[in-house]
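Hi,

Here is the structure I said I would pass on. Have a look at it first, and then read my notes below.

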Amino acid sequence: MGRVVTLVSAALTASALLANVVSASCENGTIPMQLRLAYAGSTGMVVSWNTYSHLPHPAVHYGRDPKHLNRIASSNVSVTYPTSTTYNNHVSIADLEPDTLYYYQPYCSNSSVPYTFKTSRPAGDKTPYSIAVAIDMGLMGPQGLTTRVGAGAANPLGPHDNNTLQSLQAQGAGTDFLWHPGDIAYADYWLKEEIQGFLPNTTIKDGAKVYESLLNQYYDELSVISARKPYMVGPGNHEANCDNGGTTDKAHNITYDVSICMPGQTNFTGFRNHFRMPSAQSGGLENFWYSFDHGMVHYVTLDTETDLGHGFISPDEPGGPEGEDSGPFAVRNAQLNWLKKDLASVDRKKTPWVIVAGHRPWYVSASNESSTICEDCREVFEPLFLEYNVDLVLSGHTHFYERNAPIANFNIDPKELNDPSAPWYITNGAAGHYDGLDSLVRPLQNYDRYATDSVYGWSKLTFHNCSHLTHEFVASANGTILDTATLFKDRKC
């Protein structure tokens, strides 16, 4: 089990911090990049960023006035891993006002204008709001999803298409945060992209450098969003591997496997170092499983990759179907026991909506393989979803969009979206990455209500009140809403 680093943070006066913490001058290696935010309860925010140099005491200036950042929080968390070219710095700011705009600057920032964040809406706040959900989202641009592909790849962008990051910046401007439950950046595709002639060839030894370069490009791109809105993430299979399972170089008759992977690219190493999700506040585990309240919603992020419980060997664990060597990260049934306790503790008067996200789907029109459809996940999680009346379950992994009816044990709820008792299932792994989209398996499942495998896009969830929730599938290319549906729950607001 990996060491969990506890954030050490305190709000201090500027003079106290300068006297006790910050003494080094700002140099190129200390300039912040890849800024990202994460909720830490309704009165907290984690500010994270990367630097080329180790920071003994990462610090953040912040305040309510952009011209008067009169408070400072610091930590001793500046961590890296084998093969990484940067350090990940994390500072937790506590005792903030909920639903409040703050201005902030990491120490040594070269930006002349402070960044902003807004703290979480307090549980029980009935104000309507929207969030963005993007799953299976990789690097965009010349070395990622762009208007061309390599041999064997598919679905390039059209010459005038926006990619999903651009769409999230524009159409997602009115959303409170971005939720990304797994498969982040797809830097592990480096070898496949080289074999297909999309990237220049390197040696296997230099693969780690290519991996880190692609990863850093992705986080640099994303910072236009993640520096201003919380970026809440969960684990996917591409956080565990450094190569897409069994890449074959037909020209040289070589099939590679995970034995080529560098230590820093396996076992969720980058994922564990790069993020700090609110597991401490919710009793969860690192970035793997956690929950948080935001307004009238209780959000739950699950780990479908490891630690399933009930004796199941998870996809990324030793002996699992993916062939990786990742986890487990806790004692047996730890995630399952946590989920039961978490769902049982939800105050539905304050947070009537309960939304769960996990990377792998089980109700989906895809090939019936363990690497695609996670039947073990269904057997472990579905009984608790039914027992505690989970409203919506989001997943990705399959690179298309499919909205299903509410389902319980493969049975369609006869009420459909009109006050069902079963959870509503939506799979949207169409955010996009270099290798394109997957094909739906037809005929579609009988519980399917809308599906497309030809469009990149993301999900927008709007919570109108305690009884009405709308899901929209937004086409990234032009912002068109291709599918919309509203779930009604017969609750008194």
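One thing to keep in mind: this is a predicted model.

Let's start with helix 8, which covers residues 375-387. From first C-alpha to last, its 13 residues reach 18 Å, close to the 18 Å expected at 1.5 Å a residue. Still, there is a bend of about 40 degrees at F381, with a proline, P383, following within four residues. After the helix comes N389, and its phi is positive, near 55 degrees.

Which residues of helix 8 are buried? They are C377, R378, V380, F381, E382, L384 and F385. What do those buried residues pack against? Helix 7 (334-344) is one partner, and the others are strand 19 (353-357), strand 20 (392-395), strand 21 (401-408) and strand 23 (424-428).

On the helix 7 side, Q335, L336, L339, K340 and L343 take part, meeting V380, F381, L384, F385 and E387 of helix 8. Sorted by class, that contact has seven nonpolar, one polar and two charged residues.

Now the loop. P156 sits between strand 11 (137-138) and helix 2 (164-170), and is partly exposed at a relative accessible area of 40%. Leaving out residues up to four places away in sequence, P156 touches T146, T147, R148 and V149. G436 is 280 residues from P156 along the chain, yet their C-alpha atoms are separated by 6.9 Å.

Cheers

Terms used
Residues numbered from 1 in each chain as written. Predicted model: local features only at pLDDT ≥ 70, side-chain atom pairs only at ≥ 80, totals over all residues. Heavy atoms only, no water. Helix = DSSP H or I, 4+ residues; strand = E, 2+ residues; numbered from the N terminus. Expected span 1.5 Å × (residues − 1). Bend = angle between axes of the 7 residues up to and from the residue. Buried < 20%, exposed > 50% of the residue type's maximum accessible area, 1.4 Å probe, protein only. Contact = heavy atoms within 4.5 Å. Nonpolar A, V, L, I, M, F, W, Y, C, P; charged D, E, K, R; others polar.
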